[in-house]
Amino acid sequence: MSESLAVLIDHAATKEDAATIGQSIIDALVSEGCILPTPSSSCVLTGEGYSPGPRLNEIYSFGDTELRYWDMLTNCGVKIHTERYVNFWAFPVFEAAVCPGCNVDQSKDDSFFDGLYECVAAFINDGVVPDIHCPVCDQRYSCRQWKCIPDVGIAYLAIEFWNWPPFSSSGWNMSLPEMITTQTSRTLATSWGRM
Ligand SMILES: [Zn+2]
């Protein structure tokens, strides 16, 4: 089966404070029993991640036909990224890219993707964030200003939840993004993707 992921992205975190903020978010998830406190390599495909915690089956109510993610899947860890982050997994399920000036979706226009791929490469390689030209309003906007669905990141802090249900799922009895905001005062964007 293909792997999917839910993602939380902190667009306001900087290169300098991403690691500290990231640890505070991990601490919040541990304190609520959403993840185990010690990372391991057995729950993610590469590197290390945090295994699902003891309270998840209480915080989330499964539908009748829904997979019991955390009990049935091996690759279901939580992986934190505190360096230049792009959600590459958004591209296979890309839905829209709305210009911040004219509000027109440009995702059907190949030239938009040429611009976006250039931005991704410039950010990953050099830490810079170029503009993308909009052919409709003939303006240029930072690629961080475009509303991409799903959110592609281009940020310094993100948390990937591999094979977790989407944060928009009605099964959640507690909003994880809201819990994190309450505990850490950070506002996170939600995103998703597929491998
Ligand atoms: Zn435009």
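The model is a predicted one, so local features need pLDDT of at least 70 and side-chain atom pairs count only at pLDDT 80 or more, while totals for chains, interfaces and linings use all residues. Residues are numbered from 1 along each chain as its sequence is written, and side-chain values use heavy atoms, with hydrogens and water left out.

Where they touch, six residues of domain 1 are in contact with 12 residues of domain 2, contact meaning heavy atoms within 4.5 Å.

Together the two domains bury about 740 Å², and carbon and sulfur atoms give 67% of that; buried area is the accessible area (1.4 Å probe) that two parts lose on being put together, summed over both. On the domain 1 side, Arg-84, Ile-154 and Trp-192 supply 79% of the area buried against domain 2, more than any other three residues. As for salt bridges (a side-chain nitrogen of Lys or Arg within 4 Å of a carboxyl oxygen of Asp or Glu), the interface of domain 1 and domain 2 has zero.

Then there's the zinc ion, coordinated at 2.3 Å by the SG atoms of Cys-99, Cys-102, Cys-134 and Cys-137. Donors here are N, O and S atoms within 2.8 Å of the metal (3.2 Å for Na, K and Ca); water is not among the atoms, so sites may look incomplete. In sequence, the zinc donor residues follow the spacing C-x2-C-x31-C-x2-C.
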